[in-house]
Amino acid sequence: MRRLEADVVIIGGGATGAGVFRDCCLRGMRSILVERNDIASGTTGRNHGLLHSGARYVVTDSHSAAECIRENRTLKHIAGHCIEKTDGLFISLPEDGLSYQQDFINGCARAGIPTEILTPQQALQLEPSVNPALIGAVRIPDGTIDPFRITSANILDAREHGGTLLSDTKAVGLIIRMGHVQGIQCRDQRTGELFEIRARQVINATGAWCHEVMEYADLSVDMYHSRGALLIMGHRLNGMVINRCRKPGDADILVPGDTVSVIGTTSTHVGRHELETLEVTDEEVRVLLEEGSKLAPEMMNARVLRAYCGVRPLVSLSSDGSDRTISRGLVAIDHAESDALPGLITITGGKLMTYRLMAEVATDMAVRHLGVSEKCSTASKPLPGALLSDQDKSKGKNVQVGGYSLADSSLPKTVAGSAVYRHGERAKDFVKEDSKWCNAVVCECEVVTRGEILYAVDQLNARSLSDLRRRTRVGMGPCQGEMCACRTAGLLAESRSDQIDALDTLQDFIEERWKGVRPVLWGDGLREAEFSYWVQEGLLGLGSLRQQATCAANAVDTTADHTTADHTAQDEERTA
Amino acid sequence: MNLFSLNGSGQNHDRSFDRCLKCTACSSQCPVSLVRPDYPGPKQCGPDGERLRLKSPEFMDDALKYCTGCKRCEVACPSNVRIADIIATAKQKYGDNSFKLREFLLSHTDLMGGLTRGSAPIVNKITSLKPTKILMDRGLGIDQRRSFPAYATKSFRSTFKSVASRQEQHARKVSYFHGCFVNFNDPQLGMDLVTVLNAMNIGVRLLQKEKCCGVPLVANGFHDKARANAEFNTSFCEQALESGSERIVSSSSSCSLMLREDYPDMLGVKNEKVQSRISFITRFLAGEFEAGNKPEMKPVNLKVAYHSPCHLIKAGGVLHTLKLLWDIPGLELQQLDSNCCGIAGTYGFKKENYETAQGIGEPLFQQIEESGCDFVVTDCETCKMQVEMSTSKKVLHPVNLLARSLMEE
């Protein structure tokens, strides 16, 4: 059996795992991160994308609120290209009354969150999409954060500091010798190969799935899995985050993110066996639209692109209480202390906002055991992409988007601007002035170029269409990949023909898109889905191509067994 | 006032881009995209671009300036996205709004026409001189290869006075929005229109006052001025209908589209009191002919080639013109392929657009030269300028032809 070695192995490629990965690498530890699917494919990629000010929690959970505002400021500093400083409003509607507003403002003062009380007119002027029936509003420093980008930036930095990322790799067991956890057993999900990673510390950053890893060591944790559904609107309805100023409830936050707005969430308890089969129900869609349009009435007439849901990894420390009252605070368990099982650390609970803090806490635990003296620097060192900042801005460049600029670009602002918006100064790696071929637009809704796709494949470890979507927004626009999916699949297969089958990845992608579209299939979304179906199946004959491919593959399989062996050898080279 | 507001309510925004299915039918029909590979086309500049501009106004693409506003994209769109309006509005909302002399001079057609009153022959002489053309080219960016329409010695409004009194003899009356071109450059078309309608026993009145419809103003970024003109013209249309005119007719396909559709849709000026009673002239005449009110016509014995203007296509009016032309005896009619002529109002006058405009029109010019026709017929004044400048043919309005068939008695 193949065996890899490291100081630390991290299980889970969500924001927290990526944060631990970066922190470990920056502190000079040899680190490997294993992720069973792709980065940010679990809870991290299934939330609002809200850069909390903490204001949402000031009344119910002041500890979380204080954590949030601290991290809010830190992230604005280290991850500028993943964040928009939009600010947010907490609006009071006639049915809410103004009594909560006073508690809210007091709470913000306690947590150190700056507030500004606005008249309804002032609020409407700042944010024209807000419900004009509002009776009061408070402005707070909310913002938006792109969960995919922040995870990817952490991973990128870790890899540039010597870390190894193994995606599509599932941890299937812990190696426990003499009462010490000494590593993990893994399976490569693509080839089925089993292998070991020996490490002095295993950090379990699997969030909502952390009980699974703990069970490998016969440990248990009382997880409360709280499921939240959200809807993505077809365009950006609002410029600022809009919250309801009342006790946390369903569909009370509308977040603008990139080209869209996201309304959420609901909150329902789900059993652990349901974690892999989450579907948004009609009732949830109804509640989200009905309550959401009270925040911004325009929502009722706007196209809904998709519905999705995520699972909050809440840890219940007491037996009673519903999900909204359980703390959003982080939970870090050093099993050496709590269970006399050295070598294993579990980090869970918390939220996207506090991923960096969670990573710092978990890494601090690990360095104590490993005798490393480096201090955490993740709160001060900007992530790759966030460096563009001031020196470039001061030179007065041609393209400036949201405070970002790209030196002397003669490209259309939509092309250069979108690249910079998503990748910060790293856009320079693929925006080539002189290359028409490189700057050709592949996804027109989100303006993703051929160069960006190839950059994501080469530098950001994208191996499928869905991976590319998370790193570039390809296929995330109103058409949900109607044409760009085919173009991108072609590009991907061209550059990675040994590892990626274009039709397979296209099929997976289309099915994944369809899953999110299905719960909101009416109006323009329905027309779009129907049109896509006819283009892909009717015009391009995707279904019959797949059939032909299957027949051809069967014919090859019976004659040539050595091809499989070749593949395994190549994969080993890749992971080494 | 917010340009995005629909029907001036101030609440509803134009979100027609939300309906876009990304089918790209619009871009396949864009005349500019064909000759300018650096123009991303109506889909990317319109609905796609609008989503980006909502994210941040800094995503405003400079290439939007290449849009001619021909609206062929809107005709192609199966989802009723107001693509050209989205682009025009974005140019105004996010673009460079500083004052530009050239744009001012080109777009204030009624003001310019008014200034030439009494001095038309001199002005025509001066604007056709080589040194003047070079000066305008270098100084203003108005291309020297472009010929300017000649100003008439006597405006249509003055000429009309000679026939004004006898109009009231007719039982039925319509009011005529003549527009700047007829008033200052082509009074004969206006007089022909009076002749034709009189022959059908319909009297013609003018609006008590009218200003430029606003098409060139919108195209050159003077939206506020256009809106003021829209309110002015709409109120005089209302007054005309209240005082006994049964309709407002216009002989310009672009003016009538503006008066009828774009006032409420693009400028947010309410015109529902008059909207349904504003007609492009051929639509009105074709209706009359069909109802049996057809003047006696003599064979014209001409071969003509008909060019359909983009804005008439957008208004759905080409069929009405064709029906009229089919009714003219002795007329051999060739329908030219549906191609934009390229001038797009003031667009083609600008130095940076000259090559684009002529490139767009090239297939049309070629077909015209090969047609062997005596005249080209079209409904639009700027198409007329473009075709007369770029081909060896003279251009008539359908109403000119109708008048000929009456007068050749």
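Predicted model: local features only at pLDDT ≥ 70, side-chain atom pairs only at ≥ 80, totals over all residues.

Mentor: Residues are numbered from 1 along each chain as its sequence is written, while chains are lettered from A and ligands numbered from 1 in the order in which they are written.

Trainee: Why are α1(A) and α5(A) called roughly parallel to each other?
Mentor: Helix α1 (residues 15-26) of chain A packs on helix α5 (residues 147-160) of chain A at an angle of about 25°, and their axes are 8 Å apart. Angles under 35 degrees count as roughly parallel, over 145 as roughly antiparallel, 65 to 115 as roughly perpendicular and the rest as oblique, so this pair is roughly parallel.

Trainee: Which residues meet there?
Mentor: From α1(A) they include Phe21(A) and Arg22(A), and from α5(A) they include Ile150(A) and Asp157(A). Contact here asks for C-beta atoms, placed from the backbone, within 7 Å. The residues of this contact divide into 8 nonpolar, 3 polar and 2 charged. Ala, Val, Leu, Ile, Met, Phe, Trp, Tyr, Cys and Pro count as nonpolar, Asp, Glu, Lys and Arg as charged, and the others, Gly among them, as polar.

Trainee: What makes Val311(A) count as buried?
Mentor: A residue is buried if 20 or more other C-beta atoms lie within 10 Å of its own, exposed if 12 or fewer, and partly exposed in between. Val311(A) has 21 C-beta neighbours inside 10 Å, so it counts as buried. This residue sits in strand β18 (residues 304-315) of chain A, and among the residues it touches are Thr43(A), His225(A) and Leu275(A).

Trainee: How do you know that α5(B) is largely enclosed by the rest of the structure?
Mentor: Because 9 of its 12 residues are buried, including Ile83(B), Asp85(B) and Lys91(B). Their cover includes α3 (42-55) and α15 (253-265) of chain B.

Trainee: What span should the 12 residues of that helix have?
Mentor: The expected span is 1.5 Å times one less than the number of residues. For α5 (residues 83-94) of chain B that should be 16 Å, and its end C-alpha atoms are 16 Å apart, which agrees.

Trainee: How many residues does each chain bring to the contact between chains?
Mentor: Chain A brings 25 residues and chain B brings 22 residues. On the side of chain A, α16(A) gives the most, with 4 residues.

Technical notes
Axes fitted to C-alpha atoms, helices over the stretch in contact; angles between N-to-C directions. Helix = DSSP H or I, 4+ residues; strand = E, 2+ residues; numbered from the N terminus. Contact = placed C-beta atoms within 7 Å. Lists of a residue's contacts leave out its neighbours within four places in sequence.
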